[in-house]
Amino acid sequence: MPAPSLTITRTTPIYHTLSVGGVFVQWHVNDPETDYTFRVERSESYEGPFEILVSATTDFHAFDPHEISSTLEEEARNFLSLQRKNYYRVTATAPGKATFSDTKILGDELARRQWLLKRKILRDITIGFKFNSIPFAILKRKHAGTRCTACFDPISKSILDSRCKTCLGTGYITGYYAPVYVSARKGVTNVTTTLAPQGKTEVNQVELTVLDYPAVEVDDIIVEVRQGRRYLVKHVARTELRGVPVHQRLVMSELARDSVEYKIVLQPRTSPALY
Ligand SMILES: [Zn+2]
């Protein structure tokens, strides 16, 4: 088995006209057997010194808020400070385990001009979304953590109950991270009819356009908040505008109402409408 490692997947600068701006940081850890706690830090140089933003989180992302100013002069000053090179470091710790970390520069590994452009395009899309988008919750599936105590077989490393109430078929306790609420634009719905032994079943395949953060993966669950419909992500494509990735285009299939994913309790939104 490869040594555990952590990869920062997003350091996305966000600029909102409303009241918040900042940097969205997301990471991925490749050790499926351990429940890690993460520390998130920021520095003006790769070597540090680092300033702690979040000392201990078990989530998959963090947000580094920047104030949005009411006057143009202040905003210009904030803008300059954001342009200063910022590095984000995420460190994974677990009892009895060696710690490891990843450090990435602000701006999703794009050249500065590119990420400044990305920030502007994301803002423009967010404004456009106000008129033609609806609220969704992203439930990211766990791929690491404490194995399910009810149905996971440690010898065969397999899930013995795909409808398990403890892990919801994921093999990990609770199954999914707390929801991240986003605005997204629904595209076309295709109805596919398949013949199964129990008769015909119809599957709704829905397209969804979301911003480039948080990074969505196949098997994540998307909830259409108002209607309560839930979808399984089948395909993710990042789409570019003027050479920078700004969207994720998802293809999702609607889950049957009796599927175990409807047992995921949707915790209410606690953070301001950042995304
Ligand atoms: Zn289970």
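Which residue of β4 does Phe 38 stand opposite? In this predicted model, Phe 38 stands opposite Thr 57 of that strand, and the pair belongs to a protein chain whose secondary structure comes to two helices and 15 strands. The chain has 275 residues, of which 28% count as buried, and its mean pLDDT is 88.

**Confidence and overall make-up**

- Across the protein chain, 89% of the residues reach a pLDDT of 70 or more, while the lowest confidence falls in helix α1 (residues 72–83), with a mean of 65, and the highest in β6, at 97.
- Among the contacts in the protein chain with a separation of 6 or more, 61% are made by residues 24 or more positions apart.

**The open sheet**

- Four strands form an open sheet in the order β4-β3-β6-β7, and their pairing is antiparallel.
- At the edges of this sheet lie β4 (51–57) and β7 (100–105), each of which pairs on one side only, and the twist from one strand to the next averages 15°.
- Strand β3 (residues 37–43) is joined to β4 over four bridges in the antiparallel sense, and it is in β4 that Thr 57 stands opposite Phe 38.

**The closed barrel**

- Six strands make a closed barrel that runs β8-β11-β12-β15-β14-β13, again with antiparallel pairing, and neighbouring strands of this sheet are turned by 40° against each other on average, when direction is ignored.
- As a general point, the strands of a sheet pair through backbone hydrogen bonds, in either a parallel or an antiparallel manner.
- Helix α2 (residues 112–132) lies across β11 (180–196), β12 (199–211), β14 and β15 (244–254), and the helix runs at about 45° to β15.

**Nonpolar cores**

- The largest nonpolar core contains 40 residues, and those with the most contacts inside it are Val 90, Ile 138 and Ile 222.
- Strand β2 (residues 20–29) gives the most to this core, with five residues, and the core draws at least three residues from each of domain 1 (6–109) and domain 2 (127–141 + 182–275).
- When its neighbours within four places in sequence are left aside, Ile 222 is in contact with Phe 136, Ile 138, Leu 208, Tyr 231, Val 233 and Met 252.
- A second, separate core has five residues, including Cys 148, Cys 167, Leu 168 and Tyr 172.
- In soluble globular proteins generally, nonpolar side chains tend to be buried together.

**Ala 92, a buried residue of β6**

- Ala 92 has its place in strand β6 (residues 87–93), and this residue counts as buried because it has 22 C-beta neighbours inside 10 Å, where 20 or more are needed for that label.
- Although Ala 92 and Thr 37 are 55 residues apart along the chain, their C-alpha atoms are separated by 5.7 Å.
- Leaving aside its neighbours within four places in sequence, Ala 92 is in contact with Leu 6, Val 29, Tyr 36, Phe 38, Thr 99, Phe 100 and Ser 101, so that Phe 38, the residue opposite Thr 57 in β4, is one of the contacts of Ala 92.

Definitions and conventions:
Residues numbered from 1 in each chain as written. Predicted model: local features only at pLDDT ≥ 70, side-chain atom pairs only at ≥ 80, totals over all residues. Pairing = 2+ DSSP bridges. Axes fitted to C-alpha atoms, helices over the stretch in contact; angles between N-to-C directions. Contact = placed C-beta atoms within 7 Å. Core = buried A, V, L, I, M, F, W, Y, C linked by C-beta atoms within 7 Å. Buried ≥ 20, exposed ≤ 12 C-beta atoms within 10 Å, placed from the backbone. Domains from an automatic or database assignment. pLDDT = per-residue confidence, 0-100.
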